[in-house]
Amino acid sequence: MKLRNLLLTMALGAGTAVSAADYTVTVETQKPGAEIQPTMYGIFFEDINFAADGGLYGELVKNRSFEFTPDPLMGWQAFGKVEIRDDGPFDRNPHYARLRSMGHGDWWTGLQNEGFFGIGVEKDKEYRFSVYARVPEGKTQMLRVQLVEPYTQEEHQEFSQQDIKVSSRDWQKYTVVLKSKKTADKAQLRLFLCDENGHSGSGTMDVEHVSLFPVDTWKGHENGMRKDLAQALADMKPGVFRFPGGCIVEGVTLENRYNWKNSVGPVENRPLNKNRWESTFTYRYYPDYFQSYGLGFYEFFLLSEEIGSEPLPVLNVGMACQFQNWNDESAHAPATEAGLKEYIDDCLDLIEFANGSVDTKWGKLRAEMGHPAPFNMKLLGIGNEQWDEFYFKRVRIVADAVRRAHPEIKIIGTSGPDAEGRSFDLGWEAMKRQKADLVDEHFYRPISWFKNEWNRYDQYDRTGPKVFAGEYACHDRGKKWNHAGASIYEAAFITGIERNADIVHMATYAPLFSHVDGWQWRPDMIWYDNLRVAKSASYWVQALYAQNKGTNVLPLQQTNFPKKGEDGVLCSAVWDNEAGEYVVKVVNTFDQAKTVSIKLNGAKAVGEAKAITLDLSQYDMENTVENPHAIEPKETKVKAEGNLLNVTVQGKNFVVYRVKK
Ligand code: AHR
């Protein structure tokens with residue numbers, strides 16, 4: 001190697017050329033193999049860790065419809081004369097608050113909402129407040145709307161204010177926009193009942209569906225999503241979007257399963273559901289965790305479209321969560337066609353909602369909600385993480401009915417919660433018998449498991465259903481958060497997913513979102529508080545694969561492929577037909593640097609490669625909302641020698657090399 005090149009590669013941090021590298025990797029550039037499915041790397045959304053209300057969903061008011069149980073004023077502080085009534089304008093959310101003046105100029109009536117762990121607002125940004133209100137006695141009243149910081153040392157708690165005049169005896173929607181005069185992550189919303197002059201006079205007002213959204217939501221939708229969180233998803237370039245869960249699909253009982261039909265139509269009338277993660281862990285208990293369904297199936301389909309992902313809804317198969325009901329057959333719907341009718345209808349009606357013409361019942365609703373064009377849904381998950389005969393006998397009935405009506409829809413079954421063993425094997429056998437198109441595997445496992453599974457998909461039967469690695473994450477022993485030391489093993493494992501793209505068609509890390517003040521489960525891919533976001537090391541691993549997925553697998557041979565249980569250097573290679581580039585991923589799970597000689601067999605002199613490096617060498621390092629950029633990919637250049645890339649991959653580094661043909 002010429003001295004000039006040596007200095008250049010050293011300066012770029014890409015390592016030196018040596019004749020006997022620790023590893024040699026030969027990539028067959030002239031033999032593009034299996035297609036990498038556009039769905040290959042995606043995201044899995046579940047309303048866990050306050051991922052919907054309090055997270056991605058832009059609504060800032062908690063319990064906006066006064067429907068929380070057992071206390072309809074949960075999340076609110078009421079002062080003066082406030083009464084909750086239940087004959088409101090929305091039949092499925094019947095409660096509202098009646099505010100009556102106290103009859104003295106120095107006594108006030110009103111309500112104050114604490115938001116989700118506070119309300120996050122930014123200076124000079126606009127927030128749309130809306131409310132349904134009426135004055136039942138016909139006497140004009142005002143509603144004073146304020147953003148306040150209750151615990152400030154400043155003279156005034158309020159920092160933004162607007163008045164709404166209400167004169168009608170009939171329910172009407174009122175909207176005002178508040179411009180925030182300061183940035184505060186734990187503000188609250190305060191409402192005062194006033195007379196026309198802004199005094200505490202005498203009079204009555206009813207209020208319902210009290211709502212506050214940032215005006216600047218993702219794509220500007222009024223019932224929109226938090227922009228920074230939706231943007232983080234879009235930036236990944238996910239190929240598939242699985243929703244709405246997870247165990248949330250099942251519910252603790254069937255009554256509180258995720259019922260998609262309750263999640264569509266006008267938001268004011270989507271009935272509240274108790275979130276099944278409210279009570280799952282008594283050591284992380286959230287009595288105020290409910291699902292407003294404001295972020296519902298229409299919004300999920302729309303988001304999928306807007307971020308360029310294939311929508312993948314998962315529906316209930318007539319079973320409540322097996323973890324919470326074990327062998328109690330009575331927890332589930334009867335395993336007969338009649339017993340499962342509601343669940344079969346849910347599937348068929350969903351396909352109509354997503355794809356049906358605007359003349360159909362559900363297609364019409366989609367059009368009324370703003371999307372006359374079909375969403376072009378192609379995939380449907382039936383049941384989440386279920387096992388044994390309980391599941392097999394039900395999924396057969398539901399899947400058969402869906403297939404009869406919609407052979408064009410690909411059906412995804414599940415192999416249960418285990419990644420191997422009896423119930424996993426039985427699950428796969430049953431899914432094969434039923435000719436499921438894909439099988440959803442879940443593995444939340446320690447580093448040792450990942451090290452044992454380098455070859456996992458090499459042995460899979462190529463004739464059966466394809467694999468959907470639908471929920472997975474490396475859970476390091478005793479360290480259940482997103483630190484670099486675990487994410488490197490995810491990166492290494494995914495090389496095996498990619499090399500086996502003929503059989504693995506989709507993979508989604510889980511869970512996706514987590515509010516720092518409200519989590520039940522970790523690690524998670526994206527963390528946030530009310531104003532800030534942190535993309536974890538695992539996010540960057542996923543993003544690097546999704547952004548560099550290419551179009552076809554390139555066969556490769558490497559020396560020293562690690563044995564089960566050992567650290568190693570793991571590689572995969574793809575051809576990117578759109579960019580006209582070869583993409584080679586190399587993951588070094590050792591602590592020490594390794595030299596790797598990558599030969600692009602069949603390629604001519606390739607000049608230079610772009611190297612995108614994710615340094616995961618500091619075991620405990622993590623991205624937090626306070627320090628969100630500690631771990632991020634960095635781009636450098638590597639000089640090739642002919643068709644050889646001689647590189648040094650530092651210990652616990654993941655590098656993506658992109659080479660123009
Ligand atoms: O992702 C958290 C939970 O893990 C999911 O809800 C469930 O499918 C799995 O057990």
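1. Helix α10 covers residues 484-499, and its end C-alpha atoms lie 23 Å apart, which agrees with the 22 Å that its 16 residues should span at 1.5 Å a residue (the expected span being 1.5 Å times one less than the number of residues; helices are DSSP runs of H or I of at least four residues, strands are runs of E of at least two, and both are numbered from the N terminus). Because 15 of the 16 residues of α10 are buried, this helix is largely enclosed by the rest of the structure (buried means under 20% relative accessible area, exposed over 50%, and partly exposed in between, with a 1.4 Å probe and protein chains only).

2. The model is a predicted one, in which local features need pLDDT of at least 70 and side-chain atom pairs count only at pLDDT 80 or more, whereas totals for chains, interfaces and linings use all residues. Residues are numbered from 1 along each chain as its sequence is written, and side-chain values use heavy atoms, with hydrogens and water left out.

3. Does C347, with 0% relative accessibility, count as buried or exposed? C347 counts as buried at that value, yet its sulfur is 18 Å from the closest cysteine sulfur, in C247, which is too far for a bond. C571 is likewise in no disulfide, the nearest cysteine sulfur, that of C474, being 19 Å away, and C571 counts as buried at 0% relative accessibility. A search of the whole structure finds zero disulfides (pairs of cysteine sulfur atoms within 2.5 Å).

4. The protein is divided into domain 1 (16-36 + 555-660), domain 2 (41-58 + 218-549) and domain 3 (76-214), with bounds from an automatic or database domain assignment. The centres of domain 2 and domain 3, taken over C-alpha atoms, are separated by 37 Å, and 24 residues of domain 2 are in contact with 23 residues of domain 3.

5. Between domain 2 and domain 3 about 1800 Å² is buried, carbon and sulfur atoms giving 54% of this area (the accessible area, with a 1.4 Å probe, that two parts lose on being put together, summed over both). In domain 2, E268, N269 and L531 lose the most area to domain 3, together 36% of what that side buries.

6. Two salt bridges are counted between domain 2 and domain 3 (a side-chain nitrogen of Lys or Arg within 4 Å of a carboxyl oxygen of Asp or Glu). The side chains of E222 and R128 form a salt bridge, at 3.9 Å from N to O.

Methods:
Contact = heavy atoms within 4.5 Å.
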